[in-house]
Amino acid sequence: MTKILLVEDNQMNRDMLSRRLIRRGYEVICAEDGESVAALVESENPGVILMDISLPGIDGLEATRRLRNSEKNNNIPIIALTAHAFESDELEARSAGCNEFETKPIDLERLLAKIEALKGK
Amino acid sequence: MHKLLERQLRKFFSEQLESRMADKSFSDFCLSIGQAYTSHQDDRELLERALELSSRELNEKNQDLQRARTFAETANKAKSSFLANMSHEMRTPLNAIIGYSELILEEISELNHDEIAVELDKIRTSGNHLLGLINNVLDLAKIESGHMDVNLEEFDIGGLLKETCTILQSQALKNKNKLHYEFESTLPQITSDRGKIKQILINLSGNALKFTKEGEVTLRVFEPEPQKISISIRDSGIGMSPDKLKKLFQPFIQADSDTQKKFGGTGLGLAISAKFAEILDAAITVESKEGDGTQFTLTLNNRVQSEKSKLHKAAHNFLPNPAMRPDTERRVLLIDDDQNAIELMRRFLGRHGFDCISLKSGAQAIEEAIRIQPVAILLDVFMPGMDGWTTLSRLKENAETSGIPVIFTTMTDERSLGLSLGAIDYFTKPIDWSRLASVLKSFERSDCKPKVLITEADFPTKNAFYHFLESIHWQAVEALDTATFQRKISEVKFDLVILDCLNKSIDGMSCMKTLSDCAINQTTPVLCCTNSMNDIDNAELLKGRVKVILTDTQVDTEKIEKSIYEILANQKKVNEI
């Protein structure tokens, strides 16, 4: 069972997406901000991270950069999830180190395909 | 009246008439002339004043117009950025609306609550409709603000037709329509923006299927004349009256308001298609008769888009004769975690005389690239450790490796993303070996490529330069601050310097001074992008070697490309003399 770390500050979206992922057989742990990502990665060792970009404090881009530059766990697959839909937003997320990019509203089937393609890489 | 004239006339009159008579008549005559003269003078002054007034008025009107124009432009920009923000704000709640409806639909499907499911589906469908609308409005905003990028690539139009039909097959079944496509297998490849053409075809064919019941929709490619290519979408549907045809391409306007109720849709598809066509130097025409079907035709005015390709040829002719590099220096760096892929590549590249050095991940890419100085780097995307996207970004960030061409060789088809991140070309596996060979051939002679020194710090602009310079087989060297600039200028002879004074780390004045003092680059043409003529030495301007592009915001790559061609053309002339 793949463990997914969902980083999302919006309570409704966090609840909705985590429930949908659990229904599809994933184990989901949640973070509300970018600060707690590193500690959760360390303690929970997730297989994939779903990262919202607009977060209070450390945003998703910065959280991704920090993870990529850290000594350990720096190659966990990260999928950016954001309501910013411009090409430049995707480019920014990719250059920060995200492996994939999905816009909100989430197309669940497409997101699941990406999770499956990336997990364990 | 003029004194001299009066005296002459007085003399003439006194010779002709008796003195008293003469005196009287003459006085009257003089008086009337004087009056005429004065009134003429008054008229003139009046006219002059009127003229002055009206020209002042005209001037004010002009200034008003100018102000109104600036205001409109600012307002338009504000509108676009407002729309971009709104799009974000609307997507977030929509995510919850669509997501929760889908979640509950899944959950209750096991409980047999069919009535609730039907109504939930209405919420979900409306959410998706709203999302489509937001996407369309965003597209229009991007077009209006000039942010719509064009990604040119060579592709097979027949293949695109098949793909479009596959996507629309389920929609065709809804109205019991038959969907066909027709094209000759001998059609040439075309160069355009595949994604946008696909969106146009989906919009036009989607409409055709919507307004046709139990009929046929046919997509056909043909060449109306050499160099042009047309795709027609013909349906046997309800057709339109001439009145309705006129309003067709305006945003938010469907043929009539009943149409919206009966057939749905946002009314933006055609407006966007028309704008896309405009950007791609194409046109959409329509023929229709009420009750007798409609035919839309998309015509690409130039099968091979942008006249750059023609100019490329001119640039090639100007290049010095290539001298082959010694074999030991024809190195290629392969970065791929799949050993089989590396072996295959090594064998293939070996046959073409390339020496291969391979890495299993991107982590050591920079060190290795600096050490072996490869002519090109072939890069996979998915790799353990550092993946291809990150590797490419790192390579492009490092001044010592940013000039090495990188080619993606990978399973995932993300061509436009790869190119926008700075790759020179993109190959999906299985690899088209003959195309790869021809691309690599173009790098063989990089030693004698003309060199350009660039000082551009803005990443997208720099990226655009690299693409452009690679495409005309020029080599770019970077200097991002004044000290580096001065060092490079004194070490290497350049064929062109592009000096970007908008880069804060570049001191335009002292760079220009270095250029005029330096012996090896004394005649090198300079393209200077600046917002002030103060940076420019007048003597250099007069000698004609410095060309200035005045701009106060961002460097305009199109303008620079044009100027480079002009410089090339001039040099060619000089060489011929």
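**Exercise 1.** Find which residues touch the most other members of the largest nonpolar core, and which elements supply that core.

*Solution.* In this predicted model, the largest nonpolar core has 32 residues, and those touching the most other members are I200(B), L204(B), A208(B), V217(B), I233(B), A277(B) and L298(B). Such a core is a set of buried Ala, Val, Leu, Ile, Met, Phe, Trp, Tyr and Cys residues joined through C-beta atoms within 7 Å, where buried means that 20 or more other C-beta atoms lie within 10 Å of a residue's own, with C-beta atoms placed from the backbone. Among the elements of chain B that each supply at least two residues of this core are α4 (157-174), α5 (194-210) and β4 (216-222); helices (H or I, at least four residues) and strands (E, at least two) are DSSP runs, numbered from the N terminus. The largest share, 6 residues, comes from α5(B).

Residues are numbered from 1 along each chain as its sequence is written, and chains are lettered from A in the order in which they are written. Local features need pLDDT of at least 70, side-chain atom pairs count only at pLDDT 80 or more, and totals for chains, interfaces and linings use all residues.

**Exercise 2.** Describe how chain A and chain B contribute to their contact.

*Solution.* The contact, for which C-beta atoms placed from the backbone must lie within 7 Å, takes 25 residues from chain A and 27 residues from chain B. On the side of chain A that touches chain B, α1 (11-23) and α4 (87-96) of chain A give two or more residues, and α1(A) gives the most, with 7 residues.

Notes
A residue is buried if 20 or more other C-beta atoms lie within 10 Å of its own, exposed if 12 or fewer, and partly exposed in between; C-beta atoms are placed from the backbone. Two residues are in contact if their C-beta atoms, placed from the backbone, lie within 7 Å.
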